[in-house]
Amino acid sequence: MKDLIKKIIPEFLINYYHFLLAMLGAFFYGFPSRQKRTSPNGTAKKMVVIGVTGTNGKSTVVNLTTKILEEEGFKVASLSSISFKIWGKEWLNTLKMTMPGRFKLQKFLRQALDSGCQFCVLEVTSEGILQHRHRFIDFDVAVFTNLTPEHIEAHGSFEKYREAKGKLFQAAKKIHIVNLDDENAQYFLRFLANKKYGYSIGSKSQANKRINILNVKNYKISSDGLKFSLDNIEFELNLLAKFNIYNALAAICIGLSQGVDFETCKLALEKVKKIPGRMEIVIKNPFKVFVDYAFTPNALEKVYRIISQEFRPKNLICVLGSCGGGRDKWKRPILGKLASKYCNQVIVTNEDPYDEDPIEIIEQIDHGTKGKAKKILDRKKAIREALKIAKSGDAVIITGKGCEPWICVAGGRKIPWDDRRIVREEFKNLKIIDF
């Protein structure tokens, strides 16, 4: 039905409809991101709104930023693909949407404001921007993590995808924070802001009077976590993988921009034990089982490399599908090709087919493996098979859903799900028999 409506109604009318909804939502809830509240010392301040955008790492940056601001003693609200949080109260994001619709988003901002929150940290998506969900939100800080091809069919080209991300930086005039190691950094640095921060690993970034730069030169990555130094302060994080150094640096930049010092950032980040569904180790022995949200080629390859290089399993067994039936079909054979390149055994399964034929999606992924994969439609059976294959010293990596609570199938139906729960249940069943 949605596809039919898009074909019948002119694009400018659909665009106007989304804009009007954004305006009505903001009006209905009283433009909460613009309102000022009188603090205990008598000064009137608005809630600081921070928007995090990019292809990968957004949810982790939102999570880490929230921890840093809370460590400083601020009341914080946050919204990501993982969860909603308003000053101590946290609940799962069960919408299957990273960035909610206009009314839900403005309602969340109103609840955060009425709860006395001083900060609100939001994950901002390109598709959300396409539908004007960012409109009538007074962003103070814009953060760019990285950019690789994604949602190309929705945007029309990579350049338009990048342009959509850039609209967050056009909306936020005060503070911009940019990953300087991403090849698209200069595009985001060109937008005007009162203050700019950049972060980098290594010696790529040069001194720049216009940009406050955090540059990590010495770091250590192991299967136990991450170590790096900033301003002669040693950070030791429980998180895995080099990309989480970038995520931590983005969060630290946000903290610094709001007057939080390095020591407080260190205290906050070292308390984080894991990010749900992001390189999360669900089973440790006799083999390791990881669950990760990765569903883009770039993210998937990073995950495979990290497990191969840092954990050095005897065999790497992967379970994957393709997120979002009906879109980004170009990446399906690429995902299969990457899986067959890095993994000893590949199992292709169902993920979120929506109204598309799940068998067809699986076949398109398998085309990239050149027929080397096992094809198991039932995701639970696929996970069970991976656990049955795994031996002591091996690793299993299950990608595409992370901690998402649903599998979305035809007719708008949602099947309750959690890869981590399924892994634990199936492992327990197998352990009774085999271990």
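Colleague: In this predicted model, which residue forms a salt bridge with Asp 419?

Modeller: Side chains of opposite charge can pair when their charged atoms come close. A salt bridge requires a nitrogen of Lys or Arg within 4 Å of a carboxyl oxygen of Asp or Glu, and here the closest N and O atoms are 2.9 Å apart, the partner of Asp 419 being Arg 379.

Colleague: How many residues apart in sequence are the parts that this pair ties together?

Modeller: Asp 419 belongs to helix 15 (residues 419–434), whereas Arg 379 belongs to helix 14.

Colleague: Is Asp 419 buried or exposed?

Modeller: A residue counts as buried when its relative accessible area is under 20%. Asp 419 has a relative accessibility of 0%, so Asp 419 is classed as buried.

Colleague: Which residue meets Lys 85 in a salt bridge?

Modeller: The side chain of Lys 85, a residue of strand 5 (residues 83–86), is paired with one from helix 3 (residues 58–71), so the pair ties together parts that are 15 residues apart in sequence. The N to O distance is 3.0 Å, and the partner is Glu 70.

Colleague: Is Lys 85 buried or exposed?

Modeller: The cut-off for a buried residue is under 20% relative accessible area. With a relative accessibility of 10%, Lys 85 falls on the side called buried.

Colleague: How many salt bridges does the count come to?

Modeller: The pair of Lys 85 and Glu 70 is a salt bridge, and so is the pair of Asp 419 and Arg 379. By this rule, the count of salt bridges comes to 22.

Methods. Residues numbered from 1 in each chain as written. Predicted model: local features only at pLDDT ≥ 70, side-chain atom pairs only at ≥ 80, totals over all residues. Heavy atoms only, no water. Salt bridge = Lys/Arg side-chain N within 4 Å of Asp/Glu carboxyl O. Helix = DSSP H or I, 4+ residues; strand = E, 2+ residues; numbered from the N terminus. Buried < 20%, exposed > 50% of the residue type's maximum accessible area, 1.4 Å probe, protein only.
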